Amino acid sequence: METLKIIKIGGNIIDNEQVLDDFLKQFSLIKGLKILVHGGGKLATQLAEKTGVRVNMVDGRRITNLETLDIITMVYAGKINKNIVAKLQAFHCNAIGFTGADGNSIISTKRPVKEIDFGFVGDVEKVNTKTLQILLEHKVTPVFCAITHDNNGQLLNTNADTIASELAIGFAKDFKTELYYCFEKNGVLKDINDDFSVIENINLENYQKLIDTKVISDGMLPKLNNCFHAIKNNVEKICIGKPEMLFKQKIKCTTIKQ
């Protein structure tokens, strides 16, 4: 069975043009099948401030009203996504930009209101791999932004980590899927102030202990929950760390296991 790499990058790469260029140059050299997923970085917030649209965050998560949805669609699916695709073409990596609406590839439902109304935020319900598989067979690399749709004409802001994990799960029946979360740290850390305190292996048993002892908390929890959701659904390999883990041998990172 052929291997498919799903690689997610965040704002720490997107917000720095030189870092992004360096990453995409290396990404273009990765052999075999691959899909890139990117978040939004700071640009959507900057554009919202320029246009007088209030940015409302709760526990680090964006409240997405219709004005905000317009801005993140312009930024995520437009400027950032097409900029990445253009740079990949310059590095001779044939790529096509995607939202979940394109090719009906990722269908979500609007998050129900409980304690907080997150607005037009989507929770992934289904991944359709058919169109994407045709592209992969022709060595074309899909590049996904953090927007999906509800199959009824409504776009939805959707967590990019979740999109990456759901894509890896969706393709697991046809490929050996590997999931890589690239960010600014060497991996999940025992001490947030010590970049060398990498927890190299996390499984379900020690994960709960790390939560109970508050070694892992806040922003890392949703990412790891996505990881364990993926590993339980036949994703072959999951790693968290700096982008160098993709390109160099013996680079420390965190590997997620059953």
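Author: Contact here means heavy atoms within 4.5 Å. This is a predicted model, in which local features need pLDDT of at least 70 and side-chain atom pairs count only at pLDDT 80 or more, while totals for chains, interfaces and linings use all residues. Residues are numbered from 1 along each chain as its sequence is written, and side-chain values use heavy atoms, with hydrogens and water left out.

Reader: Thanks! Which residues is L167 in contact with, leaving aside its neighbours within four places in sequence?

Author: They are I6, I35, V37, I106, V127, L132 and F144.

Reader: Why is T64 called buried?

Author: Buried means under 20% relative accessible area, exposed over 50%, and partly exposed in between (1.4 Å probe, protein chains only). T64 has 0% relative accessibility, so T64 counts as buried. This residue sits in the loop between β4 (61–62) and α4. Beyond four places in sequence, T64 is in contact with L69, I72, F118, G119, F120, V121 and N157.

Reader: Let's turn to the helices. Why are α3 and α4 called oblique to each other?

Author: Angles under 35 degrees count as roughly parallel, over 145 as roughly antiparallel, 65 to 115 as roughly perpendicular and the rest as oblique. Axes are lines fitted to C-alpha atoms, for helices over the stretch in contact, and angles run from 0 to 180 degrees between N-to-C directions. Helix α3 (residues 43–50) and α4 cross at roughly 130°, their axes coming within 9 Å, and the pair is therefore oblique.

Reader: What residues meet there?

Author: L43, A44, L47 and A48 in α3 meet I71, I72, V75, Y76, K79 and I80 in α4. By class there are nine nonpolar, no polar and one charged. Ala, Val, Leu, Ile, Met, Phe, Trp, Tyr, Cys and Pro count as nonpolar, Asp, Glu, Lys and Arg as charged, and the others, Gly among them, as polar.

Reader: What makes α7 roughly antiparallel to α8?

Author: Helix α7 (residues 204–212) and helix α8 (residues 220–231) pack at about 165°, with axes 12 Å apart, and that angle makes α7 roughly antiparallel to α8. Their contact is made by L204, Y207 and I211 of α7 and L221, L224, N225 and F228 of α8. These divide into six nonpolar, one polar and no charged residues.

Reader: How do you know whether α6 is parallel or antiparallel to α8?

Author: Helix α6 (residues 160–171) and α8 pack at about 5°, with axes 9 Å apart, so α6 is roughly parallel to α8. D161, T162, S165, E166 and I169 of α6 make the contact with K223, N226, H229 and A230 of α8. Here the classes are two nonpolar, four polar and three charged.

Terms used. Helix = DSSP H or I, 4+ residues; strand = E, 2+ residues; numbered from the N terminus.
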